[in-house]
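Reader: I'd like to learn how to read pockets and sheets in a protein model. Could you walk me through it?

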Amino acid sequence: MARRESTKQNLFVVSNRLPLSVKKADEGSYQTSLSGGGLVTSLSGLTKTTQFSWFGWPGLDVAEEKDRESLRKSLDEHNAIPIFLDNELAHDHYNNFSNSILWPSLHYQSGVSFEEGPWESYKRVNEIFADTIAEKAIPGTLIWVHDYHLMLLPRLLRDRLKDKNCAIGFSLHTPFPAGDWWRSLPVQKDLLDGMLASDVIGFHTEEYKQNMIHSAEALGAKTDTPGQIEYRGRKVVVEKFIVGIDPQKFADSQANDDVQKRIKELQERYKGMKIIIGVDRLDHIKGLTQKLKAYDTFLDQHPELSNKVVLIQVAVPSREDVKEYQDLETEISTIAGRINGKHSTADGCPLIYMHRSVNFSELTALYSVADACLLTSTRDGMNLVSFEYVACQAQRHGVLVLSEFAGAASFMKEGCLTFHPANMAEMVDALHKAVTMGDEDREKNYETLRKFIETNTSAKWGETFISTLYGRLTSS
């Protein structure tokens, strides 16, 4: 997880899952490899400068103590510490509460049905995390907890660390909804109380931060001081920390000979065409059905672009064991097939739909050749694909077309085209403007976005949060 030792104190990073793929090998040994994901991307810059231990579930049930010890040794070389859960408990916590109840509530999705059983599992998993982390913590440890799966953890840690002077930080990587919506969740007071046991709470945008502050007021917290909440006799720093990526990682990938070869192949394959790229996890919040329906309308309204534009849509599989996600994939595949059946000619088809992951080299090449990037989130904590696309556009100056409900739109609207994801006409107009925009405007927009992503990197985000958390430790 790390490259060199930090000048800061002992740091624990805590997430629901470890950022590693773990597979059982022969004779009770385990193989581990770094996996992807938004949090891994966000912390990629920090790993270059800061030493830390990462706590999380390894993704599989390890019942025997001898097997657990073997896995601990395998993960130790990555500075990773496993928190063991049986499959039933992990499933109930992750699928039945975190992703079926809490996730949709945070993203303003209606029709959520609360169940007591999954809530009990959610509480139990947070307690198991707290027990493991508290045992490992020493006085002066900085503990940085991540995301909605572990909202109760700061309070549980606070109770267990009374005799140790540790600082607890919490970062939420989703939206935090407005008060009326948040209060519709029956256990919202418990979750908010859990978060408010932190020393520092970080959000991606000012809107999410303010929503949380208003909800804290309903619990009786004092919010008179900007950027601070006083609750249960403690002062909590509540701030916006702009998450980012490591742009240099993409520049290095672009310079690779194999990637350059692939870029040339794609440019030759789509010579004379405008390429639109979409890269999304297959999830309801990404607005994929709206995107494809708007693209169909775009093709209807602009027959002059027939065989001159192509949308390459990567839909990364997600929660494939959940029926709602299976139904979503079926719906998207059906729409994609209908678009190609309607608009294809003997010279080609206007949509390339890939329901799979692509490796980093291929992703870099796709970003590099695209004239526009279309992201249609109905709600999104940030959406780092927007950053990644800009990082690969030094030569082409492609146009970012971004939903106003992506967190990134709060910061990038001056350099991109924004639209309401439920307004098809707006989306179609923005897409047409993107593929017909002149070079001067493209370059101007690109420079605005470039400065933003190079200023707000993942390393800066991590170091700023840790510095703030360390300040709370030394001031206590």
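Author: We'll take a pocket, then a sheet. This is a predicted model, where local features need pLDDT of at least 70, side-chain atom pairs count only at pLDDT 80 or more, and totals for chains, interfaces and linings use all residues. Residues are numbered from 1 along each chain as its sequence is written, and side-chain values use heavy atoms, leaving out hydrogens and water.

Reader: Which residues lie nearest the centre of the second largest pocket?

Author: On a 1 Å grid over the protein atoms alone, a pocket is an open set of points where a 1.4 Å probe fits, with protein on both sides within 12 Å along at least five of seven lines; lining residues have an atom within 4 Å of a point. Here 17 residues form the lining, and N99, S100, I101, P104 and E324 lie nearest the centre.

Reader: Which helix gives the most to that lining?

Author: Helices are DSSP runs (H or I, at least four residues) and strands are too (E, at least two), numbered from the N terminus. α3 gives the most, six residues.

Reader: Where does the pocket lie relative to the domains?

Author: Domain bounds come from an automatic or database assignment. Domain 1 (11-243 + 459-474) and domain 2 (247-455) both give lining residues, so the pocket lies between them.

Reader: And the sheet: what is the strand order?

Author: Two strands pair if DSSP finds at least two bridges between them. This open sheet runs β13-β12-β11-β14-β15-β16, with parallel pairing. β13 (351-354) and β16 (417-419) are at the edges with a single partner strand each, so one side of each has no neighbour in the sheet. Three bridges join β15 (residues 399-403) to β16, and S403 has F419 as its bridge partner there.
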